[in-house]
Amino acid sequence: MAREFQRGHKAKVSDLTSGTDLYVGVQIAGPGLTFDISCFGLDADEQLSDDRYFIFFNQPKSPEESIQLLGAQAGDTESFRVTLDRIPANIHKLSFTATLDGAGQMSQVGPGYIRIVAGGEEVVKYAFTGSEFTTERAVMLGDFYLKDVWRFAAVGQGFDGGLDALLKNFGGEVAEEAPAAPSQDAPPAFAPPSQASAPPAFGAPAAPQAPQPAPAFGAPSAPAPAPQQPPVHAAPTIAAPMAPQAPAPYGQPPQQPQFGQIPGQGAPPAAPPYGQQPPAAPPYGQQPPVPFGQQPPSLPHGVPQGVPATGAGLQAALQPYKEAATGQRWTSQNQQLMRVDLTMGGMPVLARQGSMVMYQGKVDFGYKGAGFAGRMVGNATGQEMQLMRCTGRGQVFLAEEGAHLHPIELQGDGICVSAENVLAFDESLQYEVRRIEGHGIPGGALFTMQFQGTGTVVVKTHGVPVVLPVTPTTFADCNAVVAWSSASQVIVSSQVRLRRNAYPGHSGETVNLQFRGAPGNFVVVQPYEV
């Protein structure tokens, strides 16, 4: 399952995949816009000290071929092959960029992404839209950087000027006219596999040469078919990663692609049942809204996977409520029910006492005490959590009073949540009580819980919340706030005036929380006041 990164998220490559032979795909487009997508190999000072590591359309590969430009394929506007263990020691960063060729600005681009594929499986994806930019003509999308080990960062930073300005920013020189690349140095072709069932893998060399192992994205190599025409390139032919296929409906065998349908692409939507209207499509150019903490539209929240067409009989009536098994540790069964698979990840889960509604397998539930010091802090701050420890091998289903549940995956970052809004979390996360700056708040809500590390915390809300970006003038009712990014500064804003409170009829909104922080910080508010 691919991790969805936001701007600024970072992770070790070894935490994403054990492979070092990676596919990097970039998708970016806009009406009437043309883009140049490049990779800059930078030294320890983040400078292009060696022009041979500026990989673009006129220089499609580095000297030792650790970085190769592959072209458009598999739905990507441009793609690269990066072999991390072959990158020379003087290269400390690979910066992937997109620049406009001609008129336009980055605010005009549509939804795009940069993704990493390893072994034929997408392991991380950073999505962006033009609304994140203004008049910039270039954007730095993502970086591989060396800090003890290779890591990946989602950058998403706009840059004024085009490719020439970006090249000068990295310390390179702009030539008057770049020579055309010779045909024999063209990038290796990326072709779909010869059979629909064959996994994507690097194929054997097109031309006879000394025996050598065929690089692969972690999948077994399939026998190469006999060539139908003379080889075009001396470099190996590489199979592009296929788009992930949706699992077969529950209890049914997987469907074969229809005649004329490309393997890996979804089948056309089925017609609605007789007498029913098809679902309304979102406005042109917009994506269906994804509520806070839920899966993307490919897995609608509240609708289990594998729901067949409606029909008669008991099985057809119960089919929409079948258990949703997605192969993930945390899976939303619907808006109010969460399943955690303890056999994945190998770590216990801490959950609110009494929140288990069902479990399968051999699972033990134990009391999780906070200790004397923890009880003292919890009683003094109102942030005491009565927890149970879930261990064993099986699946546990969690819920509480029909509250909406939102799994939030942390990748080294942090989030602040009131203890009242926490249902469960991985034991690998660190948590502590954090004080809010300012004077007292009615009801004692002067403290909150801060979660940090790598793992998932399940947040519960009354109704569907809204996520707002933090601006210099962001205020929220302390009784409606659910969570906020841990990097935000939160202070108490009081509007108490003697005259206003001395007489009846005041607004009742005298104490609020003010949020401050750099771009990228957020606050989550529910449509309910505690």
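Phenylalanine 133 counts as buried at 5% relative accessibility, where buried means under 20% relative accessible area, exposed over 50% and partly exposed in between, with a 1.4 Å probe and protein chains only. Phenylalanine 128 is likewise buried, with a relative accessible area of 2%.

This is a predicted model, in which local features need pLDDT of at least 70 and side-chain atom pairs count only at pLDDT 80 or more, while totals for chains, interfaces and linings use all residues. Residues are numbered from 1 along each chain as its sequence is written, and side-chain values use heavy atoms, with hydrogens and water left out.

## Aromatic pairs

Rings of Phe, Tyr and Trp (its six-membered ring) pair if their centres lie within 6.5 Å, and planes under 30 degrees apart count as stacked, over 60 as edge-to-face and the rest as tilted; by this rule the count comes to 15 aromatic pairs. In one of them, the ring centres of phenylalanine 128 and phenylalanine 133 are 6.4 Å apart and the planes stand at 70°, so the pair is edge-to-face.

One aromatic cluster is formed by Phe5, Phe80, Phe96, Phe144 and Phe152. The charged end of lysine 125 sits over the ring of tyrosine 113, 4.4 Å from its centre, a description that requires NZ of Lys or CZ of Arg within 6 Å of the ring centre and within 35 degrees of the ring normal.

## The chain as a whole

Of the 530 residues in the chain, 41% are buried. Among contacts (heavy atoms within 4.5 Å) with a separation of 6 or more, 70% are between residues 24 or more positions apart.
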